Amino acid sequence: MLTVLCNWGYIFVTAFLIGFAVLLPFERGGAAAGRVPGGGTVCVRRKMTAVLMAGLAAVTVYSQVFSLFAGVGLWANVLLVAACAVIAVVWRRPLAVYWRERAGQCSRGYAVFLAGLVLLMAYGTSRGYMHVDTGLYHAQAIRWIEEYGVVPGLGNLHSRFAYNSAAFPLCAVYSMRWLGGSLFPEGIHAVQGFLALLVGIQCSGIRTLAARRRVRVSDFVRVGGIYYLTVLFGEMVSPASDYFAMLLLLFILIDWLDLLESGEKEAAPFALLSLLLVFTVTVKLSAAVILLLVLKPAVQLLREKRWKEIGLYLALGFGIALPWLIRGVLISGWLFYPFTFLDLFPVDWKIEKGYADCDSKEIQVFARLLYDVNLYDTPFSGWAGKWFASLKGLEKLWVAASAACTGLGAVTIAGAGLRIRKAGLEERKNRPEADGILPWDWILYAAVLITGYFFWQFSAPLVRYGYVYVLALPAAVLGYCYVQVLGKSEKGRRYGYYVFGAGFILFLAFKAVGLAGGMAASAGEPYYVRQQGYGSFDAVTYDVDGVTVYVPADGGQIGYDKFPSSPRIQNIELRGEGEHAGDIRYGFRENRKEEDTE
């Protein structure tokens with residue numbers, strides 16, 4: 001736990017300084033700052049959580065670029081710290097102003113709450129359930145990045161490495177394994193917990209409910225976020241890419257609602273959140289469907305013919321995705337493994353198309369509990385019943401609520417559209433509904449949530465792959481209806497406030513009891529100084545051109561220490577030739593020796 005807190009201190013300082021510098025051009029007078037009709041500019045809001053998220057995204061891009069040339073270890077951190085030092089010196093005055101403003105906005109009571117939240121989340125990150133996939137390949141993927149960066153054809157050694165999540169380079173740059181010693185034998189894996197902490201701080205924005213005495217749609221989504229954090233609490237110790245993506249999506253969806261409900265008129269804040277969506281896609285490709293939200297700032301910028309800003313945001317989005325795309329091609333030969341619809345690179349290390357297509361189908365049949373790729377074409381009716389029956393109690397509730405809210409959400413979309421048509425667009429466009437949300441904004445937001453849910457339900461509906469889809473849809477739709485119905489009068493708003501407040505207190509009490517029970521069960525574990533490790537498993541070995549490769553003895557998990565590993569004995573060879581023979585830095589490919597012999 002102590003190592004987690006120290007690691008978080010380092011993450012906080014570096015992510016904050018990098019994020020501050022990244023967002024500085026979007027402040028008043030910046031090249032891309034929002035414009036007002038009368039001339040001049042307006043500031044892009046910079047909450048602390050937003051600055052830190054921007055910093056984490058920028059550090060991730062940096063770590064991916066660095067991985068193209070070397071392992072992400074000591075020197076990656078030396079350059080990162082040097083950049084932070086330059087930022088702290090060059091922009092010391094705006095930094096000082098920013099901190100004075102934030103200090104004045106933070107009450108003593110809230111500061112105590114934040115301190116308690118940090119300790120709570122650090123406790124959860126120090127111990128818990130290490131996800132099965134972390135033992136299968138997450139830990140190994142992080143170690144490859146720490147030691148070698150990106151290696152051509154690494155997907156031939158272990159196809160799961162080809163999934164290429166940007167979460168792992170971020171974990172590598174902050175793992176501190178290069179420090180060595182008994183505290184860091186496997187490095188620290190605490191970035192997931194830090195991200196969960198940021199989402200927890202964002203969800204704490206519900207505290208303003210007592211002051212405003214009226215419920216917002218974002219309050220409902222925040223409750224869903226708190227619920228997800230309690231579910232994740234026992235697994236934050238595991239650097240699982242699925243959880244990274246879900247936390248990022250939660251953050252974006254809540255912040256998007258905050259902007260809508262605050263009456264934000266400028267495109268810049270939405271465009272910046274859209275860039276964070278691009279970052280989320282590099283963490284988990286399945287999050288791409290939520291990119292549809294980018295239509296809001298895109299339409300606004302196009303309508304106002306702000307071509308320079310459009311070019312800037314497109315360039316930034318491409319810059320975020322480019323190192324991830326390059327890494328993908330180097331690891332597997334494909335841009336979007338395991339999807340093979342784009343076959344652009346005839347490299348010698350490319351994973352066979354048939355294998356990649358089979359891998360894609362295996363993900364989906366596994367999520368549908370079919371477990372046989374030959375059953376891929378089984379209709380929805382053939383697997384949905386067994387799949388739904390396998391869900392846990394509250395998971396069934398959320399999925400059923402999501403399915404129901406696709407219809408209810410469609411009704412609210414149709415209602416907003418009819419009201420726009422009846423009143424006339426010009427008259428209606430500046431008349432907000434649901435505590436600040438304009439009809440067109442709600443139509444887009446609800447449509448994206450419904451699309452995300454359907455994409456998850458009919459592709460790979462494993463709950464951890466899309467927990468946010470089944471949380472955010474019912475939370476937002478029911479919240480919108482609640483605010484619409486009760487927000488038409490002062491009496492209704494007051495009644496809605498008391499009912500929601502009472503329900504929220506009961507919800508917190510229920511979750512607090514469960515959380516306390518879980519913490520009590522793990523309180524005796526010896527992780528108050530050093531974080532729980534990845535775990536070690538039995539393995540057998542085989543030889544690849546003189547390199548010893550480990551294979552799980554039981555066909556399952558391998559952990560971090562037995563390196564390098566593959567899930568089974570693979571028919572592969574090293575790419576290095578001549579003086580580079582036997583050097584795994586030059587990568588892997590299918591074994592051609594047998595072909596040459598034939």
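**Exercise 1. Classify the residues lining the largest cavity, then locate them.**

*Solution.* The lining of the largest cavity comprises nine nonpolar, three polar and two charged residues; here Ala, Val, Leu, Ile, Met, Phe, Trp, Tyr, Cys and Pro count as nonpolar, Asp, Glu, Lys and Arg as charged, and the others, Gly among them, as polar. The model is predicted: local features need pLDDT of at least 70 and side-chain atom pairs pLDDT 80 or more, whereas totals for chains, interfaces and linings use all residues. Residues are numbered from 1 along each chain, and side-chain values use heavy atoms, without hydrogens and water.

Step 1. On a 1 Å grid over the protein atoms alone, a cavity is a set of points where a 1.4 Å probe fits but cannot get out, and lining residues have an atom within 4 Å of a point. Four cavities of 30 Å³ or more are found in the whole structure.

Step 2. The volume of the largest, about 110 Å³, is the space filled by probe spheres set on the points, which are joined across faces, edges and corners. Of its 14 lining residues, A141, I145, F161, R327 and I331 are the closest to its centre.

Step 3. Helices are DSSP runs (H or I, at least four residues), numbered from the N terminus. Both α6 (132-148) and α15 (307-332) supply at least two lining residues each, and α6 gives the most, with four.

**Exercise 2. Identify the helices against which the buried residues of α5 pack.**

*Solution.* Step 1. The buried residues (under 20% relative accessible area, 1.4 Å probe, protein chains only) of α5 are Y110, L117, M121, A122, Y123, G124, T125 and S126.

Step 2. These buried residues pack against α1 (2-23), α9 (191-203), α11 (217-232) and α22 (490-522), with contact meaning heavy atoms within 4.5 Å.

Key. 1 Å grid on protein atoms, 1.4 Å probe; cavity = no way out; pocket = protein on both sides within 12 Å on 5 of 7 lines; lining within 4 Å. Buried < 20%, exposed > 50% of the residue type's maximum accessible area, 1.4 Å probe, protein only.
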